[in-house]
Amino acid sequence: MATNSSIEWTDDTWSPIIGCDRVSSGCDGCYAIREAWRHSHNPHPEVAAAFAGTVQRTGDRLDWTGRVNLLHRRLVQPLRGRKPRKIFVNSQSDLFHKNVPDEFIAQVWAVMSLARQHTYQILTKRPGRARSLLASYAFRVACEEAEARLVADEATPGLSRARREQYRSRSRSNFAEPLPHVQLGVSVEDQRTANLRIPVLLETPAAVRWISAEPLLGPVDLKQAVIPMGSQRGRGLAASFVHLGDCCTNQLHGINWCVVGGETGPMARPMHPDWVRDLRDECAKTGVPFSFKQWGDWGLHTAVDGDGRLVAGGRALAADGTLYEPGSPQAGLDAGLVQVCKVGKKKAGRVLDGVIHDEFPVGVSA
């Protein structure tokens, strides 16, 4: 298990699965593809084998092959750490990828159940499968069976004799309710993906639900995503939420945490500050913890001059995501026009309107 992760909202990463597929525009600049290609050529044979066959080069483009490697030896890693940590599960894959067997996902759930000292952060772009599995009685049984095998195996680390006896004498399944220390989230990059994934997340059994708007490639209205007006789902959700005039509790969204970040990498796309502000303000209004991870490789710099011309050294980004090259006529563009420069993640930083936002769900500290 990787320690001291550079990801701002977690402590460690745990990747018992390697390999994935692109499913939407948010995958275009996927850092995990580049990492998998690099690690597949690692001189250490065990590291290279973990990533082998997951990435291929076609011309000048790297891409996933669709192969998923299941790394059974990594499954019990969280059981070895006694110190409570925030653990990002599968930073190199999607736990709910179609090529990951249900039984393997159940084993991941069993480990998380036994290693309750940690908080687990799961992200998926495949919420349909997550909903289907986590609402399934058959999956609950598979989790119980996987947990029982781990407890019965004397080689399983981190389980004292007392812990094993306590498990055997319990009167209720650990999976009767969603695991309280498992946070299930969806990745969204624009309104379309938010509308597709967030409603499905809200129908999925989970103690904590969250969204990662990274890379944020366009504006996202959470209310539009959560309550599709006129739909059967929207009417059902609206009936279950608590409204207080123009304001509401965080149950309006059913979302317990929102993380926002810009894109990094060679082909990174810029993020307009108004997109971030809209999410920040909506979270503040509804009491949803908000974390701003980073601007990405594109930083905000001086706006266009009084004549509407670009200041030397940058490009102009419009509120609709259009990126204008230096020298382009800017007359008549909306007031949301800002200048951006590709300066790298470190220099661009993570300050939003003079503030660093590092909020976490209730019960989870930074």
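A disulfide is a covalent bond between the sulfur atoms of two cysteines. The rule used is a pair of cysteine sulfur atoms within 2.5 Å. Take Cys27: its closest cysteine sulfur is in Cys30, 6.4 Å away, so the two are too far apart for a bond.

Cys27 is buried, with a relative accessible area of 8%. Cys143 is buried too, at 1%. Buried means under 20% relative accessible area, exposed means over 50%, and partly exposed lies in between (1.4 Å probe, protein chains only).

## About the model

This is a predicted model, in which local features need pLDDT of at least 70, side-chain atom pairs count only at pLDDT 80 or more, and totals for chains, interfaces and linings use all residues. Residues are numbered from 1 along each chain as its sequence is written, and side-chain values use heavy atoms, with hydrogens and water left out.

Strand β8 covers residues 182-187. Helices (H or I, at least four residues) and strands (E, at least two) are DSSP runs, numbered from the N terminus. How many of the six residues of β8 are buried? Six of six are. Val182, Leu184 and Val186 point one way from the strand. Gln183, Gly185 and Ser187 point the other way.

β8 pairs with β7 (residues 119-124) in the parallel sense, over five bridges. Two strands count as paired if DSSP finds at least two bridges between them. Tyr120 stands opposite Val182 of β8. β8 also runs parallel to β9, and five bridges join them. Here Val186 stands opposite Ile211 in β9.

## An open antiparallel sheet

Four strands form an open sheet in the order β14-β17-β15-β16, with antiparallel pairing. Its edge strands are β14 (298-300) and β16 (323-324), and each pairs on one side only.

Inside this order, β15 (residues 315-317) pairs with β17 (residues 338-342). Three bridges hold this antiparallel pairing. Ala316 stands opposite Gln339 in β17.

## Aromatic rings

The structure holds nine aromatic pairs. In one of them, Trp210 and Trp257 have ring centres 4.6 Å apart and planes at 25°, so the pair is stacked. It links distant parts of the chain: Trp210 is in strand β9 and Trp257 is in strand β12 (residues 257-261), 47 residues apart. Rings of Phe, Tyr and Trp (its six-membered ring) pair if their centres lie within 6.5 Å; planes under 30 degrees apart count as stacked, over 60 as edge-to-face and the rest as tilted.

Are Trp210 and Trp257 buried or exposed? Both are buried. Together with Trp9, Phe88 and Phe360, they form one aromatic cluster.

## Charges over rings and a polar contact

Elsewhere, the charged end of Arg170 sits over the ring of Tyr167, at 3.9 Å from the centre. A charge sits over a ring if NZ of Lys or CZ of Arg is within 6 Å of the ring centre and within 35 degrees of the ring normal.

Which backbone nitrogen does the side chain of Asp11 reach? That of Lys86, at 2.8 Å. A polar contact is a pair of N or O atoms within 3.5 Å; within protein, one must be able to donate a hydrogen and the other to accept it, and residues adjacent in sequence count only if both atoms are side-chain atoms. Asp11 lies in the segment before β1 (12-14). Asp11 is buried, with a relative accessible area of 19%.

## Backbone notes

The peptide bond from Glu214 to Pro215 is cis, with omega near -5°. Pro215 lies in the loop between β9 (208-213) and α8 (222-226).

Two residues other than glycine have a positive phi: Asn90, at about 65°, and Asp353, near 50°. Asn90 is in the loop between β6 (86-89) and α3 (102-114). Asp353 is in the segment after α11 (345-348). Asn90 is buried, with a relative accessible area of 2%, whereas Asp353 is partly exposed, at 44%.
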